[in-house]
Amino acid sequence: MRVIGTAGHVDHGKSTLVEKLSGINPDRLAEEQSRQMTIDLGFAWLDLPGGETVGVVDVPGHRDFIENMLAGVGGIDAALLVIAADEGIMPQTREHLAILRLLQVPALAVVLSKTDLVDDPEWLELVTLEVEDLLEAHGWAGAPIVPVSAQTGAGISALLAALHDLLERLPEHRDAGRPRLPVDRVFVVSGFGAVVTGTLSGGALAVGDGVELQPGGLSGRVRGLQSYQRTVERALPGSRVAVNIAGLRGGTVQRGHVLAFPGQIQPTLLVDVRFEQLEDAERPLEHNAELKLFCGAAETIARARLLDAEFVLPGESAWLQLRLRDPLPLSWGDRFILRFPSPAATIGGGSVVNPQPGRRWKRFQPAVIRELETRLNGSLAERLALAARSDAPQTLSALQAQLDISENEMAAALQEALRSGLIRQVGDATYWASVSWERLARAVKEELRDFHAANPLRLGLRRPELRSRRRVSLGLLDALLEADAGLAVERGFARLPEHRIVFSPDQGANIASLNAELAEAPYLPPTLEEMRQLVGGDVLRALMDLGRIVNVSDSIAFAAADYENLVAGIRAHIEAAGEIDAKTLRDLFGTTRKYAIPVLEHLDSLGVTRRIGDGRQAGRNFGVEA
């Protein structure tokens, strides 16, 4: 399915030509018909010689309505630039041609209209030569030029044939499974509700599909579809579509909204763009200039921040970050036009490179410019890696939404990005840019290096504490600790592999004294406070980190081997007798209730045992090492 747009000066007979081609008068407003002037967008359709139905968007030609024209040319496959043979090229002709080039409309044909008013063949030849020069100057050399009279019908067949040849050479519309419909018209049908129209791109739309309108997040369901006044169950990308939406609640739909599947596009107030200024622009673009932005069927005021230039001269290109007055749903690759508000004039246009930058860039930053260059010209794998630069790994669906690509394109980009090391898989279903992974690894190592320097008698940082310091998920931290050879985990502590706890000779002597006391009465050990007085608080904490001392309460701890004997004995007794109590534990190990009760409460907290009355039975973790 294809859509063409007609553009040209107000007096050059566009609407008459459309009516001659299609049988439909695109000037639907009473004011348009009385003034014989296209004010708003008009719509029609026609059949080409090959049988294909083609949609037509007739856009205003008068300079006072150029901004309405911009709402209609965003999704067209080809443009018919109408120039009256008796008048020749007009100022609006040049502006329309510049806009079509900036929007990268794929194909163009020029219609020399009103040839019935030209009696002099030399004049017609002169106008044709001028048009050829104009087309060549704007990058459209070789575009067909067809003389036509809508009054007599002369040239109509040749024009239809030229359109057929022009459109046949274009590639098929891409179906990425991500339909987008920029809304250019809204109306209400009694008994059916809201109907929106636009040119569909990105994917097919079917009756019953859930949809969302952005900005605003209005949601509903496709109740009915029409394309060229024919009811269809499924509308294809590249066609003009009217969508009847059921269940629409929460606000008002208007021109400039974008209809898509839920969650596939989000509005933004900040956008990075590549901008090209027209060679005949009357003045340079200065930093922080206020402009009008036109994209799709939407428009808003934008403040232009120049990222790599002090100002942009006519004919130059630059990187801009636009801050929008109103949120717009934009995607990578969207074409846009910028105009000065007063005096009103088209200054240039370009393409959206990053619709969700998330932050205001500093100017003249080489790293920022390099990233933007990659977003514009890089491979899909490179763009995927940039999308995966984030605070945390993302799902494939989230990454695909950022890139606005099909599942097949996503699969190919993912394979290449993984193969080349641009991204890495984290866990079962999330992916992260390698540079983000490496940045986290460096930060974690620096955190541990500082901690080891300040706490030489600590084994390391416990994983939850390290996670909190770095503000990452525990799952991501564990994946990093497992995969990075420059990190180690011991007894739940994260550390650098080269770090070791080293005791001084005096500390070693104190530890030997503590070990002697523990060996003398293993199940009647000194209290924690007595241990601190003997070896010092830092040394005692180190012995606990190393697993040589096991703390079971605020005041009681055992040597590791003695603790293991206690746990083994408790398990064995429960397996034999079904339960154990504090008195039995006291008698088994020659200890006292002062020690027996804290041990049992400690094992309760671990799930090894569970309290039933005064006794303990096997808990949920009875078979797990305590």
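K114 is partly exposed, with a relative accessible area of 24% (buried means under 20% relative accessible area, exposed over 50%, and partly exposed in between, with a 1.4 Å probe and protein chains only). K114 is not a glycine, yet its phi is positive, about 55 degrees. This residue sits in the loop between strand 5 and helix 5 (121-137); helices (H or I, at least four residues) and strands (E, at least two) are DSSP runs, numbered from the N terminus.

Q104 also has a positive phi of about 55 degrees although it is not a glycine. The loop between helix 4 and strand 5 (107-113) holds Q104. Q104 is exposed, with a relative accessible area of 52%.

## About the model

This is a predicted model, in which local features need pLDDT of at least 70, side-chain atom pairs count only at pLDDT 80 or more, and totals for chains, interfaces and linings use all residues. Residues are numbered from 1 along each chain as its sequence is written, and side-chain values use heavy atoms, with hydrogens and water left out.

## The barrel and its helices

Six strands close into a barrel in the order 17-22-20-19-23-24, with antiparallel pairing (two strands pair if DSSP finds at least two bridges between them). On average, neighbouring strands of this sheet are turned by 40 degrees against each other, direction ignored. Axes are lines fitted to C-alpha atoms, for helices over the stretch in contact, and angles run from 0 to 180 degrees between N-to-C directions.

Strand 23 (residues 335-340) and strand 24 (residues 345-354) run antiparallel and are joined by six bridges. In this pair, I337 stands opposite G349 in strand 24. Helix 4 (residues 91-102) packs on the sheet and touches strand 17 (267-277), strand 23 and strand 24; its direction makes about 5 degrees with that of strand 24. Helix 7 (residues 366-377) packs on the sheet as well, touching strand 17, strand 22 (317-329) and strand 24, and its direction makes about 90 degrees with that of strand 24.

## Cis peptide bonds

The peptide bond between S342 and P343 is cis, with omega about -10 degrees. P343 lies in the loop between strand 23 and strand 24. The bond from Q214 to P215 is cis too, with omega near 0 degrees, and P215 lies in the loop between strand 11 (210-214) and strand 12 (218-227).

## Nonpolar cores

The largest nonpolar core has 60 residues, and L108, L285, L320, L322 and L338 have the most contacts inside it (a nonpolar core is a set of buried Ala, Val, Leu, Ile, Met, Phe, Trp, Tyr and Cys residues joined through side-chain atoms within 4.5 Å). Apart from it lies another core, of 25 residues, including A44 and V146.

Leaving aside neighbours within four places in sequence, L322 is in contact (heavy atoms within 4.5 Å) with residues including L269, V273, R303 and L338.
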